[in-house]
Each structure stands twice: as structure tokens, then as C-alpha cells.
Amino acid sequence: LQDPLRPVLVDVRSVGCGVFPTLCLLNTSCDQNITKYHEGTKVIGVASKPIKKGEEVSDNYYPAAAFLERTERRKWLEKHYWFQCECNACEENLPVMKDMSEEPLKFVCDKCGNKDLTEDKEKCNRCGETFDFRAKTKLVKELKEKIDNSINIYYSSDLYDAKKFSEIIERDYTRL
């Protein structure tokens, strides 16, 4: 957890291996929509972002789109898993976090999924849904503050109590 080159709160330790047939049905995505954790002999999958009805549930083999650019991700996946990744993150060539603006530049329409809502638009040009860029930006800033506060709480505890941290996250992030 202390390595500055790894994303915060990622603690990967090899503790053994197992066969989980249901998990084998998931496709991979560099921008996955579930996160897994182990609880005894079970693997629990938790949605890491909203999943719409009919949308594919996807896992991530590593590396995530937010931390490694597409060419490097594809090289790594080809070397380790022998396939050329064609997930949405690779097809859309999502930017890595270090290249992203601190302030939101675009939002996604809640109604139709249009990914091109910018500051100069008051309505979605695809479905006509009204849109308030300033209000959405304010929500993002509030959410970022809550995340920062939660991370500080996590790091200030003596044992980095993951269960307590999970309860804080669940309480504070009902919007997600």
C-alpha cells in the first residue's frame, strides 16, 4: 500500500489458487465494472460502477486503463494472456489518470449515455435531457473530497482496518 507507483488501496498478495467456474464466464475489460475480493473460500464480486440492464459484466486481468496507456496495456495482455484487447477502453483509447484534467471536461447523459455533455450545453443533443454542468461539477468535487477524507481515515487507523473502511465507503458513496 505504500508503493507510490501503485494505485492507492490496491494490495495484491498471492495467497494460493482456486477454480471459480462462474468467474471464468466474465470477459475482461481495461475499464471493468466489477471488483473482486476473497472471503474464505468464496470470491465476492462487487459493482465498481453502475451496470445497466443488458450490459456485460466485466473483470480486469490487469492493467487498468486509468493507469497504463493503451499500447502498453495491449502489449502486456498479449504477452501474458495471448490476446489483443478490444474492450471499450481500448477501442475508445481512454486517457490515463496522469493525463486527465483535475476538473471535469465532459459528462455522460444519465438518460441516453451520450458521452459528449460539455460546459457549453444545457441539454443533451441526443435525447434532449436537461443538463447542468456546474451542478455536476460540484457533485464531482464533493465526491472527490469524500474519497480523500475516507483515504485519510483509512491511513490514519493503526491497522488499516479494511472492514471499517468498507463501511465508511458504503455509507458515504450511495451516489455511485
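Author: Helices and strands here are DSSP runs, numbered from the N terminus: a helix is a run of H or I with at least four residues, and a strand is a run of E with at least two. On that basis the protein has 4 helices and 4 strands. From the N terminus on, their order is β-β-β-β-α-α-α-α. The model is a predicted one, in which local features need pLDDT of at least 70 and side-chain atom pairs count only at pLDDT 80 or more, while totals for chains, interfaces and linings use all residues. Residues are numbered from 1 along each chain as its sequence is written, and side-chain values use heavy atoms, with hydrogens and water left out.

Aromatic rings come first. Rings of Phe, Tyr and Trp (for Trp, its six-membered ring) pair if their centres lie within 6.5 Å; planes under 30 degrees apart count as stacked, over 60 as edge-to-face, and the rest as tilted. Across the whole structure, 7 aromatic pairs are found. In one of them, Tyr62 and Trp76, the ring centres are 4.9 Å apart and the planes stand at 80°, so the pair is edge-to-face. Tyr62 belongs to the loop between strand S4 (58–59) and helix H1 (70–81), whereas Trp76 is in helix H1, so the pair ties together parts that are 14 residues apart in sequence.

How covered are these two residues? Buried means under 20% relative accessible area, exposed means over 50%, and partly exposed lies in between, with a 1.4 Å probe and protein chains only. Tyr62, at 46% relative accessibility, counts as partly exposed. Trp76 also counts as partly exposed, at 24%. Elsewhere, Phe131 and Phe133 form an edge-to-face pair too, with 6.2 Å from centre to centre and 75° between the planes. Phe131 is buried, with a relative accessible area of 11%, and Phe133 is buried at 9%.

Tyr62 and Trp76 also belong to a cluster: ring pairs link them with Tyr61, Tyr81 and Phe83.

The loop between S4 and H1 holds Phe67 as well. Phe67 counts as partly exposed, at 46% relative accessibility. Together with Met97 and Met100, Phe67 forms a nonpolar patch on the surface, with about 310 Å² of accessible area in all. Patches are made of residues with over 30% relative accessible area and no salt bridge; like charges are joined within 9 Å and nonpolar side chains (Val, Leu, Ile, Met, Phe, Trp, Tyr) within 5 Å. The areas come from the Shrake-Rupley method with a 1.4 Å probe, and for residues only the protein chains shown count as cover.

Lys75 and Glu72 are 3 residues apart in helix H1, so about one helical turn separates them. Lys75 is exposed, with a relative accessible area of 52%, while Glu72 is partly exposed at 35%.

Another salt bridge joins Lys141 to Glu103, with the closest N and O atoms 3.5 Å apart. Lys141 lies in helix H3 (residues 133–156) and Glu103 in the loop between helix H2 (88–92) and H3, so this pair ties together parts that are 38 residues apart in sequence. Lys141 is partly exposed at 43%, and Glu103 is partly exposed at 38%.

Lys121 and Asp116 form a salt bridge as well, the closest N and O atoms being 3.3 Å apart. Lys121 is buried, with a relative accessible area of 18%, whereas Asp116 is partly exposed at 30%. With Lys106, these two are linked in a network of salt bridges.

Some figures for the whole protein complete the context. Of its 176 residues, 22% count as buried. The protein exposes about 13,600 Å², and carbon and sulfur atoms supply 53% of that area.

Conventions:
A salt bridge is a side-chain nitrogen of Lys or Arg within 4 Å of a carboxyl oxygen of Asp or Glu.
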